Amino acid sequence: MTIGWDEQTREFHLRNERLSYIFRVLAGGSLEHLYLGPALAAGPSYGHLGRREFGGFANRLDDPIALELPTAGRGDFRMAALVVEGTDGSTVLDLRYVSHRIERGKPAIPGLPATYVEMDDEADTLEILLRDEPSGTEVRLLTTIFRDMPALARSVVVRNAGAGPLRIRTVMSASLDLPDDDWTLVHLSGAWARERHIVRQPLGPGRQSFSSGRGASGHEHDPSLILVRPTTTEASGEAVGFSLVYSGDFLAEAEVHLYGTTRVRLGIDPETFTWTLDPGAEFASPEAIVVYSDTGLGGMSDAFHRLYRSRLARGSWRDRDRPVLINNWEGTYFDFDEDRLVAIATVAREVGVELFVLDDGWFGARDDDTSSLGDWWVDRRKLPAGLDGLAHRIEGLGLLFGLWIEPEMISPRSRLFAEHPDWAVGVPGRERTESRQQLVLDLGRPEIVDHLFEALSQVLSSAPISYVKWDMNRNITEPYGSTLPADRQGEFFHRYILGVYELYRRLTAAFPEILFESCAGGGGRFDPGLLAFAPQAWTSDDTDAVERLSIQWGTSLLYPLSSMGAHVSAVPNHQTGRITPLATRAATAFFGVFGYELDATRWTAEERAAVADQIAFYRAQREVLQRGRFVRLVGPEDGDGNLVAWMAVAADRRRAVVGIYRILNRPNPGPRRIRLRGLDPAATYRVSTWPAGDDDAVSRANQGLRGGDVLRRVGLVLDADRHEVSAEGDFWARVFVLDATG
Ligand code: GLA
């Protein structure tokens with residue numbers, strides 16, 4: 001990996017084995033983008049890739065078409081990456097190169113989560129200083145290239161080097177110009193209980209955007225945007241992924257220009273953001289990650305998974321086996337006492353569960369969702385011996401103990417609200433909109449963050465707590481910072497998220513041994529920003545095995561299996577009413593951080609035995625299922641969507657686990673093969689199937705020794721026997737384990 005700078009051509013060439021990123025300083029001082037793609041030779045000039053605008057109508061002659069940091073008002077009429085209002089009210093900005101430096105490693109971004117390196121030789125960072133003299137705007141443009149991944153990190157720092165205040169109206173973390181528009185846009189979109197489904201749309205003239213103005217990344221859109229060639233598949237072709245390491249309002253946008261070029265920008269949503277910079281002050285943007293793959297969407301996902309699992313997530317749990325948990329939420333909702341919880345934990349322990357999580361309803365006087373958020377002390381009516389008493393009983397069984405909290409919220413029916421009504425977000429003189437009967441605390445105010453840190457530190461030190469589920473169950477309305485002046489109200493949302501990060505930072509630092517899982521009404525804030533603090537997230541409140549196939553498939557475009565909480569719940573499913581076999585629910589949840597979400601005391605003896613077998617299986621395969629390479633084989637988008645298949649492969653390719661799911665049963669099926677990827681073609685694998693007792697045509701056809709090349713070129717054989725199929729019913733799943741022999 002190198003960052004080259006050529007004094008003569010004034011070109012920068014950031015390069016590793018997988019990609020090159022090239023741009024140059026033009027005579028006028030602006031930065032012209034030249035190339036992003038497979039690695040090109042270091043040394044030669046690539047200046048011939050630059051193209052000028054046709055100067056005629058209204059544009060300045062000789063402006064480049066591709067820019068590194070486009071600004072407004074100087075003849076580039078596309079969307080800008082940086083818009084700053086000067087003291088004269090003008091937003092014209094002409095940023096010119098001043099200097100640059102190249103550093104080993106990667107600097108942190110103050111106050112914001114970001115990817116990092118552990119050794120300086122894992123990445124190099126280029127920092128370019130640009131200045132607009134008339135307004136006094138200074139920009140540091142940071143680009144990091146990682147040594148071993150086809151990935152770049154980009155962020156900007158804006159500084160007011162002038163004498164009067166500046167107001168940032170738009171600050172994108174990344175903007176990239178691509179030289180054509182032959183792209184299909186791939187995006188993760190959804191809603192509560194059906195998060196992160198893949199949608200595809202062709203690019204056309206003009207803009208296409210995804211954003212959130214909710215104060216959180218949200219259920220609706222992931223803070224990312226992916227471009228693929230129309231011919232790109234999982235295993236081949238170009239894909240460029242843009243992902244924002246941020247949890248608040250974001251914008252991801254693509255614009256096809258009149259020359260058929262494509263600009264992508266990604267950053268904080270300008271719709272709900274302004275930031276005033278007093279003289280001397282700085283503003284740091286979140287970082288955007290750009291991954292370039294010429295090995296398909298799968299190659300892109302690989303890079304995101306490795307980066308996010310190993311150099312975004314942090315803390316003592318990053319690389320550790322995540323425990324198999326049981327959560328009582330769907331098992332009891334608010335209706336529990338100590339004995340009921342211990343009864344669930346006792347059964348769970350017997351079948352091999354490792355962590356018991358007490359969900360909502362343990363604090364204040366919360367018998368339903370109408371009260372008590374903010375009152376973070378134990379409800380002795382339900383838990384007379386306190387959290388400590390309960391946790392010790394759970395520990396006594398041989399389980400770890402975990403707890404649900406929702407720090408950012410306040411119920412109007414709470415002691416905290418009676419004491420501090422002004423701490424809830426709202427505009428004075430206007431009614432506050434309640435959502436799930438709750439309001440939001442203004443985490444942009446440092447004294448509220450201090451209070452929460454104190455209150456939650458007390459809770460977390462009051463009992464042996466090994467795990468925390470940090471929930472956030474509503475979006476922000478009537479945004480207003482009661483301590484911000486009128487002309488700084490545009491800072492509210494970003495200050496809120498900075499407060500969330502500060503609270504996370506302080507709590508994870510004070511309790512480094514606690515495993516944090518983030519949550520927001522399921523996957524309403526499942527984003528790279530929070531992964532930096534909580535290495536796993538609750539993927540969705542929807543645990544229906546069929547729905548989860550689409551949710552986990554889509555989520556895996558960017559996020560590693562180690563980040564996806566995936567639980568088996570009771571049937572009929574609480575979100576869909578669907579009844580799926582217990583084995584299918586487990587086979588789906590295996591591909592994530594596995595657990596249960598139900599009342600274990602209701603299991604029959606047969607179910608207990610099945611669950612014990614599931615947990616034993618998962619624990620034996622946990623290394624591969626949590627840290628292996630995830631490969632998507634057949635997805636909900638393919639064919640009639642009735643078959644899904646995916647696999648996880650160990651780093652050394654000695655073991656793989658494959659999951660195959662057939663949603664609706666069809667009579668008299670034809671032959672079908674599932675080709676595998678990522679195996680060692682030279683190895684011989686022993687193929688076994690799970691559940692072990694299922695002796696049917698599919699198991700018999702696959703069990704035994706198979707060459708890696710055969711599994712790759714021919715695949716697993718799904719030729720089911722028609723008599724057996726007629727007895728199988730819907731929602732069939734089978735898991736295969738492949739172990740290299742010799
Ligand atoms: C959210 C979470 C659930 C559960 C409830 C508790 O909906 O996603 O898992 O914790 O809150 O109120």
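**The ligand site and the contacts beyond it**

Modeller: Keep in mind that this is a predicted model. Start with the shell. The ligand is surrounded by 13 residues. D359, D360, K469, G522 and D541 are the closest of them. Sorted by class, the shell holds six charged, four nonpolar and three polar residues.

The side chain of D360 places an N or O atom 2.6 Å from an oxygen atom of the ligand. K469 has a polar side-chain atom 2.7 Å from a ligand oxygen. For N473, an N or O atom of the side chain is 3.1 Å from an oxygen atom of the ligand. How much of the ligand does the protein bury? On its own, the ligand exposes 310 Å², and 96% of that is buried by the protein.

Next, the aromatic rings. The count is 34 aromatic pairs. One of these pairs joins W362 and F363. Are the two residues buried or exposed? W362 is buried, with a relative accessible area of 0%. F363 is buried too, also with a relative accessible area of 0%. Both count as buried because that class takes in values under 20%.

There is also an aromatic cluster. Its members are F590, F594, Y596, W603, F617, Y618 and W690.

Two arginines sit over rings. R506 lies over the face of F453, 4.7 Å from the ring centre. R548 has its charged end over the ring of W538, at 4.8 Å from the centre.

Last, the salt bridges. The count comes to 70 salt bridges. In one of them, D321 pairs with R627, and the closest N and O atoms are 2.8 Å apart. Another links D94 to R96, where the closest N and O atoms are 3.0 Å apart. R96 has 37%, so R96 counts as partly exposed.

To return to your site: D360, at 2.6 Å, K469, at 2.7 Å, and N473, at 3.1 Å, are the side chains to display with the ligand.

Definitions and conventions. Residues numbered from 1 in each chain as written. Predicted model: local features only at pLDDT ≥ 70, side-chain atom pairs only at ≥ 80, totals over all residues. Heavy atoms only, no water. Phe/Tyr/Trp six-rings, centres within 6.5 Å; stacked < 30°, edge-to-face > 60°. Buried < 20%, exposed > 50% of the residue type's maximum accessible area, 1.4 Å probe, protein only. Lys NZ or Arg CZ within 6 Å of the ring centre and 35° of its normal. Near = heavy atom within 4 Å. Polar contact = N/O pair within 3.5 Å; in protein donor to acceptor, adjacent residues only side chain to side chain. Areas by Shrake-Rupley, 256 points an atom, 1.4 Å probe, with all protein chains shown as cover. Nonpolar A, V, L, I, M, F, W, Y, C, P; charged D, E, K, R; others polar. Salt bridge = Lys/Arg side-chain N within 4 Å of Asp/Glu carboxyl O.
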